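Here is a protein to get to know step by step. Look at the sequence and the model first, then read the questions and answers.

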Amino acid sequence: MKISKKERTQKEIIEAAKEVIRKKGHESVTVRNLAEVTGYSYTNLYYYFKDLNAFLWALRLDMIEDMITELVSVSYIEDDPVEEILSAFFGYIDYFFMHPNIFRFFYFYPFVQPDKDSSYQKLEQRFHGIWQTSFSRLINEDIIKIEDIGVVAKTIIYTLQGMIMLSFSSNGTTKKEDIKDELKKIINYLFKKNK
């Protein structure tokens, strides 16, 4: 599928912004800074995106796509299905510790969803499908019921996000290995697995 010049330029601007976020954090993503990095005038950027909020929303969705692609490209297959889930969530932890500024962008920036934009809901449906696949062995081995996947997955994700947020906060005393140790206890408790 051929993309238009406008779509190609939008992608270039988004890629430049990703680099700014990775290196300097989301606070550095300003229209003037983007103009400097991309070589487009800051007024010209408004031709490609309605406003800064619309741009940041598109950037967020693109970065979530990147994260999904990276996380699903790794095989987390283990002999034990509980260990397999644990490995997958360790991958999630590792991703954000490798990209702390992306985590901060996702969770510290107050996004405004554009009217009539259903892109985020589509991404959530993809995540639901990934959870279904990730938990399929646990279902097949009768460790968890299919109707419990949503609540269990959200419990794990929200717990992880909270622990990572504490780690990246101003006091930042929680380390990656501490989070993994806590996650292991939580997952073993949720799936009633004793050490």
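**Ser167 and its surroundings**

Q: Which residues does Ser167 contact, leaving aside its neighbours within four places in sequence?
A: This is a predicted model. Contact means heavy atoms within 4.5 Å. With neighbours within four places in sequence left aside, the contacts of Ser167 are Phe97, Gly172, Thr174 and Ile179.

Q: Is Ser167 buried or exposed?
A: Ser167 sits in helix 9. A residue is buried when its relative accessible area is under 20%. Ser167 has 10% relative accessibility, so Ser167 counts as buried.

**The whole chain**

Q: How many helices and strands does the protein chain have?
A: Along the sequence, the pattern reads α-α-α-α-α-α-α-α-α-α. The count for the protein chain is 10 helices and 0 strands.

Q: What are the rough dimensions of the box that the C-alpha atoms fill?
A: The protein chain has 195 residues, and buried ones make up 38% of them. The box is taken along the principal axes. Its dimensions are roughly 60 × 40 × 30 Å.

Q: What share of the contacts with a separation of 6 or more joins residues 24 or more positions apart?
A: The count here takes in contacts in the protein chain with a separation of 6 or more. Of these, the share from residues 24 or more positions apart is 70%.

Q: How far apart are the centres of the positive and negative side chains?
A: The protein chain has 27 positive side chains and 28 negative ones.

**The largest pocket**

Q: Which residues are closest to the centre of the largest pocket?
A: The largest pocket has a volume of about 970 Å³. Its lining holds 33 residues. The closest to its centre are Tyr92, Phe127, Ile130, Trp131 and Ile157.

Q: Which element gives the largest share of the lining of the largest pocket?
A: Several elements give two or more residues to this lining, among them helix 4 (52-72), helix 5 (81-98) and helix 9 (149-168). The largest share is 8 residues. That share comes from helix 7.

Q: Is Ser134 buried, partly exposed or exposed?
A: Ser134 lies in helix 7, which runs over residues 119-134. Buried means under 20% relative accessible area and exposed means over 50%. Ser134 has a relative accessible area of 27%, so Ser134 is partly exposed.

**The largest cavity**

Q: Which helices each supply at least two residues of the lining of the largest cavity?
A: The largest cavity has a volume of about 80 Å³. The residues that line this cavity include Val31, Leu34, Leu45, Tyr46 and Phe55. The helices that each supply at least two lining residues are helix 2 (31-38), helix 3 (42-48) and helix 4.

**Two loop residues**

Q: What is the relative accessible area of Lys116?
A: Lys116 lies in the loop between helix 6 and helix 7. Its phi is near 60°, a positive value in a residue other than glycine. Lys116 is exposed, and its relative accessible area is 86%.

Q: Where is Asp142 found?
A: Phi of Asp142 is near 60°, a positive value in a residue other than glycine. Asp142 is exposed, because its relative accessible area is 62%. Asp142 is found in the loop between helix 8 and helix 9.

**Two buried residues**

Q: Which residues does Phe191 touch, not counting those up to four places away in sequence?
A: Phe191 lies in the segment after helix 10 (176-190). Phe191 counts as buried, because its relative accessibility is 7%. Not counting residues up to four places away in sequence, Phe191 touches Val82, Ile85, Phe135, Leu138, Ile143, Ile144 and Val152.

Q: Which residues is Thr9 in contact with, leaving aside its neighbours within four places in sequence?
A: Thr9 has its place in helix 1 (residues 5-24). Thr9 is buried, with a relative accessible area of 3%. Leaving aside its neighbours within four places in sequence, Thr9 is in contact with Tyr40 and Tyr48.

Key
Residues are numbered from 1 along each chain as its sequence is written. Side-chain values use heavy atoms; hydrogens and water are left out. Helices (H or I, at least four residues) and strands (E, at least two) are DSSP runs, numbered from the N terminus. Buried means under 20% relative accessible area, exposed over 50%, partly exposed in between (1.4 Å probe, protein chains only). Lys and Arg count as positive and Asp and Glu as negative; His and the chain ends are not counted. The place of a charge is taken as NZ of Lys, CZ of Arg, CG of Asp or CD of Glu. On a 1 Å grid over the protein atoms alone, a cavity is a set of points where a 1.4 Å probe fits but cannot get out, and a pocket is an open set with protein on both sides within 12 Å along at least five of seven lines; lining residues have an atom within 4 Å of a point. Grid points are joined across faces, edges and corners, and a volume is the space filled by probe spheres set on the points.
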